[in-house]
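This report walks through a protein chain, from its overall make-up to individual residues and the contacts they form. The sequence and the structure come first.

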Amino acid sequence: MPRHYEEDEARRPILQPDTDTDEPTSGGSLARLGRPSDDDELTERLTGCGATACCNPSSFLHRFQALILMCLVGFGSYFCYDNPGALQDTFKSDLNLTTTQFVMLYSIYSWPNVILCFIGGFLMDRVFGIRLGTIIYMFILLIGQLIFAMGAMINVFWLMIVGRFMFGIGAESLAVAQNSYAVLWFKGKELNMVFGLQLSFARVGSTVNFLVMVPIYKYVKSLGYQGHMCTGVVLLLATLTCVMSMICALILGWMDRRAARILKRNDAAPGGEVAKLSDVRTFQVSFWMVTVICVAYYVAIFPFIALGKVFFMRKFDFSSEDANTVNSIVYIIAAVASPLFGLLVDRTGRNVLWVFLSVLVTIVAHGMLAFSYLNPYIGMITMGLAYSMLASSLWPLVALIVPEYQLGTAYGICQSVQNLGLAVISMISGMIVDKGGYFMLEMFFIGWLIVSLLATIVIWLYDASTDGILNKSPAARSLYASKTLPRMSGEPGSSSDMTDSQQERERRIKDPEAIRNRYVNRVLDGNQSDTEPLVE
């Protein structure tokens with residue numbers, strides 16, 4: 001049924017071009033006046049520097065600048081996370097720590113995030129918003145690292161634990177904010193490449209930490225600092241990376257606010273929707289299977305690398321230095337290959353297929369290490385390539401499954417469950433090595449990879465049965481969007497507009513599945529406005 005425009009409707013964002021006419025048109029919420037008035041906010045013209053590619057929020061160059069800041073926001077977190085690992089010997093000697101106390105510096109990071117990471121994502125969706133939330137979590141992270149450093153300087157272990165606790169809360173919630181920023185700026189564009197590049201920078205931060213912390217420690221020691229005071233000063237210097245990340249978070253927040261103003265992007269949830277804790281009941285099977293993969297796959301990577309050094313020394317008779325080198329291959333490859341695989345997924349689509357292949361190749365890599373004496377570099381390089389591909393194709397799936405106003409909550413759930421899995425499986429892995437050796441550990445990891453493979457198959461089948469877009473090519477996704485959008489909006493000529501009553505049409509438009517389909521259309525088409533209501 002045609003609907004005439006009210007006076008204020010001419011100022012709504014244009015989603016589709018119309019004919020060059022000043023007459024009101026019909027077609028539900030998608031119809032717009034073809035010739036906007038002179039005072040239309042959407043005709044705001046950028047001048048001077050603002051009109052150049054580097055300052056125009058709609059240009060790729062400007063979005064690339066924002067991407068660099070997104071990556072640098074997390075650099076300090078990943079750099080400082082492994083400070084204890086890079087200085088393990090000096091930590092234990094200068095601070096008189098037992099092995100149990102040293103391991104606690106890592107476990108205290110993971111355990112609280114089983115719950116708090118989910119809450120952090122929910123608060124960002126419901127209370128803070130992405131800009132303020134990023135700054136708050138970055139501030140918590142920075143304060144935590146400062147407390148950790150001060151605890152080392154005065155050699156108070158419980159204060160160091162408090163610092164790592166706060167650091168963990170901020171760091172994992174910050175990762176959720178990074179994912180949400182990536183979707184906000186790159187949905188419908190280079191999203192897979194962006195997730196790959198973020199993973200790459202994460203690995204760069206960890207690698208740089210292991211390369212520079214020992215030289216920094218030696219330099220500080222040459223200045224006359226000794227014992228726990230020397231370790232504390234080194235940790236304070238490492239805190240500078242968190243200060244740099246805080247500055248990047250502030251600049252990124254300013255850029256995002258400016259982009260929202262210029263592009264007339266409405267940061268409020270479409271249709272007035274707000275995130276609620278009860279929303280988790282509406283998440284699809286596909287999302288929960290993605291969460292299963294987050295646990296089952298990553299527990300076969302990170303705990304293996306943590307215990308891999310002795311494995312290579314025992315089975316392949318490597319020296320300590322050679323074992324460290326081959327054990328770090330996965331991260332080195334991920335730093336280079338992740339953005340490249342992200343570009344590949346952007347071009348080809350079919351994320352579920354790439355996830356399936358990644359898990360399958362990782363099983364082969366673990367099998368080579370467990371059942372053969374082939375050069376371990378072959379298995380580790382294979383694992384590194386598969387790990388890079390999975391990270392570039394798995395995490396963007398969440399943005400296609402979950403509505404945008406729930407993304408913080410969704411990514412928070414993924415991070416929370418992953419932290420739980422890593423905390424528990426790491427302890428179980430150590431027990432398996434003590435009682436059954438490394439062969440049984442490999443069997444344990446291969447079992448978890450089979451679980452992730454089964455979860456991928458469930459996603460594939462569910463998506464196919466619901467005519468979903470998770471495993472479609474970019475062209476097929478665009479075609480799906482072009483066919484679904486008119487049908488969901490009730491344009492003139494559609495079967496719903498001609499055969500159904502007005503009440504039936506309104507009921508279908510407000511149906512949750514219809515709302516989700518409109519959101520998917522926006523994710524697939526980056527040119528659509530976020531201010532268009534999903535519910536009339």
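## Overall make-up

A helix is here a DSSP run of H or I covering at least four residues, and helices are numbered from the N terminus. The model is a predicted one, and its secondary structure comes to 20 helices and zero strands. Of the 536 residues of the protein, 54% count as buried. Among contacts with a separation of 6 or more, 76% are accounted for by residues 24 or more positions apart.

F210, with a relative accessible area of 43%, is partly exposed.

Which residues does L199 touch beyond those up to four places away in sequence? They are S338, Y387 and A391. L199 is also 8.5 Å from C71, C-alpha to C-alpha, although the two are 128 residues apart in sequence. F210 and D82 are likewise 128 residues apart in sequence, and their C-alpha atoms are 7.7 Å apart in space. Once the neighbours of F210 within four places are left aside, the contacts of F210 are with D82, G85 and A86.

Because R131 belongs to helix α6 and D256 to helix α9 (residues 227–262), the pair ties together parts that are 125 residues apart in sequence.

The two partners can also be described by their accessibility. R131 counts as partly exposed, at 24% relative accessibility, whereas D256 counts as buried, at 0%.

E442 is buried and yet has no salt bridge, the nearest side chain of opposite charge being that of K315, 7.0 Å away. D463 is also buried without a salt bridge, and for D463 the nearest side chain of opposite charge is K472, at 6.7 Å.

E442 does have a polar contact, which joins its side chain to that of H366 at 2.6 Å. Not counting residues up to four places away in sequence, E442 touches F304, F311, H366, L369 and A370. For D463, with neighbours within four places again set aside, the contacts are G468, I469, L470 and N471.

## The packing of helices α11 and α14

Helix α11 (residues 302–315) and helix α14 (residues 351–371) have axes that come within 12 Å and cross at roughly 35°. On the α11 side the contact involves F304, F311, F312 and K315, which meet H366, L369, A370 and F371 of α14. By class, this contact has six nonpolar residues, one polar residue and one charged residue.

The residues of this contact also bear on the surroundings of E442. F304 and F311 of α11, together with H366, L369 and A370 of α14, take part in the contact between the two helices, and these five residues are touched by E442.

## Loop residues with positive phi

Two loop residues have positive phi values without being glycine. N155 has a phi of about 55° and lies in the loop between α6 (130–153) and α7 (157–186). D317 has a phi near 55° and lies in the loop between α11 and α12 (320–327).

Are these residues buried or exposed? N155 is partly exposed, with a relative accessible area of 31%, whereas D317 counts as exposed, because its relative accessibility is 67% and the class begins over 50%.

Notes
Residues numbered from 1 in each chain as written. Predicted model: local features only at pLDDT ≥ 70, side-chain atom pairs only at ≥ 80, totals over all residues. Heavy atoms only, no water. Buried < 20%, exposed > 50% of the residue type's maximum accessible area, 1.4 Å probe, protein only. Lys, Arg positive; Asp, Glu negative; His and termini not counted. Salt bridge = Lys/Arg side-chain N within 4 Å of Asp/Glu carboxyl O. Polar contact = N/O pair within 3.5 Å; in protein donor to acceptor, adjacent residues only side chain to side chain. Contact = heavy atoms within 4.5 Å. Axes fitted to C-alpha atoms, helices over the stretch in contact; angles between N-to-C directions. Nonpolar A, V, L, I, M, F, W, Y, C, P; charged D, E, K, R; others polar.
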